[in-house]
Amino acid sequence: MPSHKEANIFKPFSSKDPFQFECHAGVSCFTECCARLRLLLTPYDILRMKNRLNILSDQFLEQYTETLFDHHARFPMVKLSMGKEEGHRCPFVTDKGCSIYEDRPEACRLYPVGRASTLVDREGETREKYFIVGEAHCRGFQEKKQWTLTEWLNHEGVKEYKAMNDRWLGIMTSLKSLGPETHLARKHQMFFMASYNLDKFRTFLFQSKFFDHFEVNEELIGRMETDDVSLMSFGFDWLKFSLFGDKTLKVK
Ligand code: SF4
Ligand code: SF4
């Protein structure tokens with residue numbers, strides 16, 4: 001989720017309780033929240049944004065993101081770069097709102113709702129909790145419109161994001177061993193490519209002897225040449241196979 005540097009108030013939230021909120025061009029704070037964010041991007045966020053901008057994932061990563069790899073994390077993460085000029089605004093915000101609105105990241109869709117996933121087992125099964133991010137500067141809470149959680153998630157088009165992001169979070173948060181220390185750098189590269197640099201992953205699959213070594217259905221191979229969602233989905237299976245040794249792919 002995006003987070004501002006100033007303190008946020010995270011309010012416990014039952015999915016049955018309605019909450020009051022509306023964001024529109026008439027609120028006095030319109031677009032103020034699209035700045036100074038620590039907005040971590042998921043693979044599906046990147047896929048939607050790079051396709052919206054009609055550029056390759058390599059170019060998107062270079063132009064719009066920073067890679068983070070702190071010592072607590074098992075895998076690298078990617079953050080949307082805020083502008084360097086005063087105000088540090090999101091590169092996609094305009095006076096009329098978000099210029100990539102239909103393809104904005106999941107965290108932007110959810111706001112002011114936040115979602116936290118907790119790992120419940122070593123297989124990557126997670127349990128999720130929702131909360132309200134009650135930031136004082138947000139005037140949207142003074143609007144009259146009421147929502148239940150389900151209404152809000154449907155209105156913001158979260159379904160396809162959640163389907164892809166949940167699978168990836170299962171890999172991110174898995175406690176399974178990554179094997180010997182000497183393999184870690186290579187595994188981090190594989191994780192980065194299949195997660196964030198999808199066009200590079202496609203080149204890797206189609207310009208190597210990959211399909212000589214693994215049993216992959218011909219119809220799926222054909223689909224992955226052009227369909228990014230099928231390719232990403234296959235990438236998640238490949239990551240589980242190559243990072244943790246799961247039987248998600250079959251060797252020939
Ligand atoms: S992507 Fe759009 S909604 Fe999200 S912070 Fe940037 S301008 Fe705002
Ligand atoms: S601060 Fe709240 S009401 Fe204002 S633009 Fe952002 S989400 Fe909308």
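In which loop is Pro112 found? Pro112 sits in the loop between helix H3 (106–110) and strand S8 (113–119); helices (H or I, at least four residues) and strands (E, at least two) are DSSP runs, numbered from the N terminus. This is a predicted model, in which local features need pLDDT of at least 70, side-chain atom pairs count only at pLDDT 80 or more, and totals for chains, interfaces and linings use all residues. Residues are numbered from 1 along each chain as its sequence is written, while chains are lettered from A and ligands numbered from 1 in the order in which they are written.

The bond that joins Tyr111 to Pro112 is a cis peptide bond, with omega about 15 degrees. Most peptide bonds are trans, and most residues other than glycine have a negative phi. Thr31 is not a glycine, yet its phi is positive, about 75 degrees. Thr31 is placed in the loop between strand S2 (19–20) and S3. Thr31 counts as partly exposed because it has 17 C-beta neighbours inside 10 Å; a residue is buried if 20 or more other C-beta atoms lie within 10 Å of its own, exposed if 12 or fewer, and partly exposed in between, with C-beta atoms placed from the backbone. His88, in the loop between S5 and strand S6 (93–94), also has a positive phi, near 45 degrees. With 13 C-beta neighbours inside 10 Å, His88 counts as partly exposed.

The loop between S2 and S3 also holds Phe21. Phe21 is buried because 21 other C-beta atoms lie within 10 Å. Leaving aside residues up to four places away in sequence, Phe21 touches Pro112, Gly140, Phe141, Glu143, Lys145 and Trp147; two residues are in contact if their C-beta atoms, placed from the backbone, lie within 7 Å. Phe21 and Asp95 are 74 residues apart in sequence, and their C-alpha atoms are 21 Å apart in space.

Next comes the sheet. Strands of a sheet pair through backbone hydrogen bonds, either parallel or antiparallel. Here three strands form an open sheet in the order S3-S5-S4, with antiparallel pairing; two strands pair if DSSP finds at least two bridges between them. Strand S3 (40–41) and strand S4 (65–68) are the edge strands, each pairing on one side only. S3 and strand S5 (residues 77–80) are joined over two bridges. Leu41 stands opposite Val78 in S5, and the bridge partner of Leu40 in S5 is Lys79. S4 and S5 are joined by four bridges, and Thr65 stands opposite Leu80 in S5. In a regular strand the side chains alternate between the two faces of the sheet. In S5, Val78 and Leu80 make up the covered face, and Met77 and Lys79 the uncovered one.

The remaining topic is the ligands. Ligand 1 is surrounded by Cys34, Leu37, Cys90, Phe92, Val93, Cys98, Ile100, Arg104, Pro105 and Cys108, where a residue is near a molecule if its C-beta atom, placed from the backbone, lies within 6 Å of it. This shell divides into nine nonpolar residues, no polar and one charged; Ala, Val, Leu, Ile, Met, Phe, Trp, Tyr, Cys and Pro count as nonpolar, Asp, Glu, Lys and Arg as charged, and the others, Gly among them, as polar. The residues around ligand 2 include Cys23, Cys29, Cys33 and Cys138, as well as Thr31, Tyr111 and Gly140. The shell around ligand 2 divides into seven nonpolar, three polar and two charged residues.
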